[in-house]
Amino acid sequence: MSVMVDIRSVHKSFGSLDVLKGIDLEVRTGEVTVVLGPSGSGKSTLLRTINHLEKVDHGAISVDGALIGYRRSGDKLYELPEREVLKQRTRIGFVFQNFHLFPHLTVLENVIEAPVAALKRPRNEAVDSARRLLERVGLADKADTYPRQLSGGQQQRVAIARALALEPKLLLFDEPTSALDPELVGEVLDVIRDLAGQGTTMIVVTHEIAFAREIADTVVFMADGRIVEQGPPGEVLDAPREDRTRAFLSKVL
């Protein structure tokens, strides 16, 4: 399979705090990569660099063969204009842990906003597509509802439908269930499970170990801004090689 995400020697600091310390990672088309690790390990920052919500200090990231956020000229990288970065982001869906829905828009309006505004799709086509996506995530009857009238699990499923509305090459999930009450987690994981079964390329940051074992092609364990270990879930989760991985799993399993 071709490489969808190619991350090379990525470093990121905030002031004197080194958050990413030389990340190298490949994600192949159609595969699910699950990223685990303790709080502060750099997981969310890594996701945010993939669609240039955070600029890298060193290194490079490519998605579907295109350098993200920069153009290369000789040995130097030059940052792209914001309009070009926004265009790149339409190929990378991002589902945040706190939903980030527009409260003043209905569910349907939230889902069609980006296709109409960013991709200039005719509104009637965007609406038809949005209704299909809402049916796909089990919310066809909530199209005219406002986010405040939904449960957290329902809001997160709307957020997933909104991300899918751009027909992205890649989906990024940043702790998609961490803001949910325990009884609502399953409905969101069911949607992600369905996407994985359909061959959607995804990087999922999560603390749901059993879910990671079920859906991941590759599990990546991060600590202190570095990838400590990666491999199939049967290896990383059941027979980790590194002491740091074993210590983490002993606390969460």
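The model on display is predicted.

**First stop: H3 and H5**

Select residues 107-117, helix H3, together with residues 152-164, helix H5; their axes lie 8 Å apart and the packing angle is about 30°. H3 and H5 are therefore roughly parallel to each other. The crossing of H3 past H5 is right-handed. To view the contact, display the side chains of Val107, Asn110 and Val111 on H3, which meet Val158, Ala161 and Arg162 on H5. By class, the residues of this contact comprise 4 nonpolar, 1 polar and 1 charged.

**Second stop: H3 and H4**

The axes of H3 and H4 come within 9 Å and cross at roughly 125°. H3 and H4 are therefore oblique to each other. Here, too, H3 passes its partner, H4, in a right-handed crossing. On the H3 side, select Val107, Leu108, Val111, Ile112, Pro115 and Val116; on the H4 side, their counterparts are Arg123, Ala126, Val127, Ala130, Arg131, Leu133 and Leu134. The contact of H3 with H4 divides into 11 nonpolar residues, no polar ones and 2 charged.

Now turn to the strands. In what order do the strands of the open sheet of 6 strands run? The order is S8-S9-S10-S3-S11-S12, and the pairing is mixed. Strand S8 (92-95) and strand S12 (226-231) form the edges, each pairing on one side only. From one strand to the next, the twist averages 15°.

Zoom in on S8 and its neighbour S9 (residues 170-174): the two pair in the parallel sense over 4 bridges. Within this pair, Ile92 stands opposite Leu170 of S9. H5, visited at the first stop, packs on the sheet and touches S8 and S9, its direction making about 170° with that of S8.

Next, select helix H1, residues 43-50. H1 lies across strand S3 (32-36), S8, S9, strand S10 (202-205) and strand S11 (218-223), and runs at about 150° to S9.

Move to strand S1, residues 3-14, and strand S2, residues 17-28, an antiparallel pair joined by 9 bridges. The two strands form a hairpin with 2 residues between them. Select Gly15 in the turn, where phi is positive at about 65°.

Display Ile7 to find Ile61 of S4 opposite.

**Final stop: the annotated span**

To finish, select residues 5-249, which an unreviewed UniProt entry lists as "domain: ABC transporter". This span is 36% helix and 28% strand, and its end C-alpha atoms lie 26 Å apart.

Definitions and conventions. Residues numbered from 1 in each chain as written. Predicted model: local features only at pLDDT ≥ 70, side-chain atom pairs only at ≥ 80, totals over all residues. Heavy atoms only, no water. Axes fitted to C-alpha atoms, helices over the stretch in contact; angles between N-to-C directions. Parallel < 35°, antiparallel > 145°, perpendicular 65-115°, else oblique. Left-handed = near helix turned anticlockwise from the far one by under 90°. Contact = heavy atoms within 4.5 Å. Nonpolar A, V, L, I, M, F, W, Y, C, P; charged D, E, K, R; others polar. UniProt positions renumbered as here; feature names shortened; annotations may be inferred. Pairing = 2+ DSSP bridges.
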